[in-house]
Amino acid sequence: MSTQASRAAARLMISPSVILLLLWMAVPLGMTLWFSFQRYNLLMPGQGGFTGWDNYYYFLTDPAFFTALKNTLVLVGGVLLITVVGGILLALLLDQQIFGQGIVRVLVIAPFFVMPTVSALVWKNMFFNPVNGIFAHIAQAIGLPPFDFLAQAPMLSITLIVAWQWLPFATLILLTALQSLDSEQLEAAEMDGAGAFSRFFYIMLPHLARAATVVILIQTIFLLSTFAEILVTTNGGPGNASTTLTYLVYVQSLLQFDVGGGAAGGIIAVILANIVAIFLMRMIGKNLEA
Amino acid sequence: MGQITLKGVRKAFGDVEVIPPLDLHINEGEFVVFVGPSGCGKSTLLRLIAGLEDVSGGEIEIDGQPSTDLPPARRGLAMVFQSYALYPHMSVKKNIAFPLKMAKADQATIDRKVENAARILNLTDYLDRRPGQLSGGQRQRVAIGRAIVREPAAFLFDEPLSNLDAALRVNMRLEISELHQKLKTTMIYVTHDQVEAMTMADKIVVLQAGRIEQVGSPLELYRSPRNRFVAGFIGSPKMNFIGGEEAAKHGADTIGIRPEHIAISTSEGAWKGTVGVSEHLGSDTFLHVETDHGVINVRGDGEVSLHAGDAVFLTPDLNQLHKFDAEGLAI
Ligand SMILES: Nc1ncnc2c1ncn2[C@@H]1O[C@H](COP(=O)(O)OP(=O)(O)OP(=O)(O)O)[C@@H](O)[C@H]1O
Ligand SMILES: [Mg+2]
């Protein structure tokens, strides 16, 4: 039973942490908002002042903006597709009784522990490199000209790298979901005449829907802010072929020293991320209910 | 349709032999109940027949067809699981229709059969619900419905009522018995509840540690159990066993007498004793009487008014006395 007094005391006691959290979030957001309406370029000191919507106008009309938007969607969509489909297949494999199951599982999880910069460098220098990379060697071995992944297919390459990093996460969550499936349901389906494919599509897949939803929601949040992999491999190039929104904000504020423009880009990214989040919750969030 | 023959069927998990070679014949249309204590291999035997588990040896014939190596779906059997194993994301209608859909039946046939099954099982009002929105008894009926629509050669039930409360169990027991009379399909039913076995079965198979102890009709098992295990397992309350001198008087190692075959008297009788606990059920009274031969359970009618501490005399009905030799076999 909580009395009026004890409730007041409880509020008083949690207030320091709540206030700290609020400040933690509100101050940076407020400052970003503030800067986004300021003329604030590090190359032009002394030319400050309020500029209204100018920063937003320039960011949105920047020819790189729509490329960045498209690249962001390609990256997020591509990685989600690869990790969810690949994760389900890997989970099905790992669920089998195989020799050395424990070791195989650890190996599958391993990429998750590699830092983004490191894994991007490993991919760049040891796999994609047109001279020394493994893919180049393979191409030469079968008599094909080596393919310069990062120059000719930058988005595909980055998507591959990021997908490689997130595959273990998806696999783990989907594997635990798969293991929680009641084996009697599968046996019942087997007796009902369902073959392996029907069992997968009618029993396992619906069972995995909820876990897949969690994977998609969590990954989307993190994938929207992918940065290190781009910086280390292509620097957003060639041209702006692999510039995402996050990377564009970085270019604006730290390469062009336009703090105001970068802040405006940041706010736009926040708004877009929220729109995506709302759509996601609408579309697949209902899987989480019931 | 619905004859099942097991010839020397054996099952081992690794080195552990759970079911030593056993032979069993199940006739068409029979209601066969497997009973036995927990862990005796009832479920395993049922799963062997269903094809969900591979036999380690021996042969299974269904309707004269060698079926040992057939996959479960091709054996023409339907199973109802203890956990119901309904598909949670499908409506009741889709659940029941699933086997037909897998068999690629056309939509008109599916609708007709699902409707028919729903009518038999009183599920018509629930067809659009999900299993999660049903009570235990309704779920059980959906599971049975899913089995019925396949028109199987035989139904296999693995403790289908053990998740239900006592009142519902009695109800469902009756419903399953009625269903059997209506469909006249072979049914194999696993339970560890001997009341279910006695009330439903045409033929009871008593199992212990994977071995068949006795096969027979409920009354056969009740009247002439082949050994001590069956005698103690069938009948409620349990049969009383008395060894020593008293048994030797009847030329046996152990004698057994059921509680309902002992007369109670306050003045005279064969065995003298004192009433311990007495349980009054209204229609019956169960007395635990302490005698020189140990505690003996006696069943009297509802009018018996004896209480703890009262002295009584017990007289067994000699016609109903069971005698067992040193190996526990009936003489
Ligand atoms: N997959 C398995 N691997 C190893 N041993 C098993 C396996 N399945 C069952 N057993 C063993 O086989 C024996 C029989 O099991 P089973 O499930 O058939 O018992 P049951 O008669 O159905 O018991 P209950 O009434 O408790 O359900 C048990 O001792 C069990 O430990
Ligand atoms: Mg069992």
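These notes cover the A–B interface, one serine of chain B and the annotated spans of chain A in a predicted model.

1. Extent of the interface. Chain A puts 15 residues in contact with 23 residues of chain B. The two chains bury about 1,600 Å² between them, and 62% of that area is on carbon and sulfur atoms. On the side of chain A, A:Met191, A:Asp192 and A:Tyr202 supply 44% of the area buried against chain B, more than any other three residues.

2. Two salt bridges are found across the interface of chain A and chain B. A:Glu187 forms a salt bridge with B:Arg47, with the closest N and O atoms 2.7 Å apart.

3. Elements on the chain A side. Two elements of chain A give two or more residues each to the side that touches chain B: helix 9 (183–191) and helix 10 (196–223). Helix 9 gives the most, with seven residues. By residue class, the side of chain A that touches chain B divides into seven nonpolar, three polar and five charged.

4. Setting of B:Ser265. This residue lies in strand 13 of chain B, residues 262–265. Is B:Ser265 buried or exposed? B:Ser265 counts as buried because its relative accessibility is 19%, and the cut-off for buried is under 20%. Leaving aside residues up to four places away in sequence, B:Ser265 touches B:Val312 and B:Phe313.

5. The side chain of B:Ser265 reaches the backbone of two residues of chain B. One is B:Ser267, whose backbone nitrogen is at 3.0 Å. The other is B:Glu268, whose backbone oxygen lies 3.1 Å from a polar atom of the B:Ser265 side chain.

6. An unreviewed UniProt entry lists residues 12–35, 73–94, 106–123, 155–178, 208–228 and 259–281 of chain A under "transmembrane region". Two of these spans are described here. Residues 106–123 of chain A are 67% helix and 0% strand in the model, with the end C-alpha atoms 20 Å apart. Residues 259–281 of chain A are 100% helix and 0% strand, and there the end C-alpha atoms are 33 Å apart.

Methods
Residues numbered from 1 in each chain as written. Chains lettered and ligands numbered in written order. Predicted model: local features only at pLDDT ≥ 70, side-chain atom pairs only at ≥ 80, totals over all residues. Heavy atoms only, no water. Contact = heavy atoms within 4.5 Å. Buried area = accessible area lost by both parts, 1.4 Å probe. Salt bridge = Lys/Arg side-chain N within 4 Å of Asp/Glu carboxyl O. Helix = DSSP H or I, 4+ residues; strand = E, 2+ residues; numbered from the N terminus. Nonpolar A, V, L, I, M, F, W, Y, C, P; charged D, E, K, R; others polar. Buried < 20%, exposed > 50% of the residue type's maximum accessible area, 1.4 Å probe, protein only. Polar contact = N/O pair within 3.5 Å; in protein donor to acceptor, adjacent residues only side chain to side chain. UniProt positions renumbered as here; feature names shortened; annotations may be inferred.
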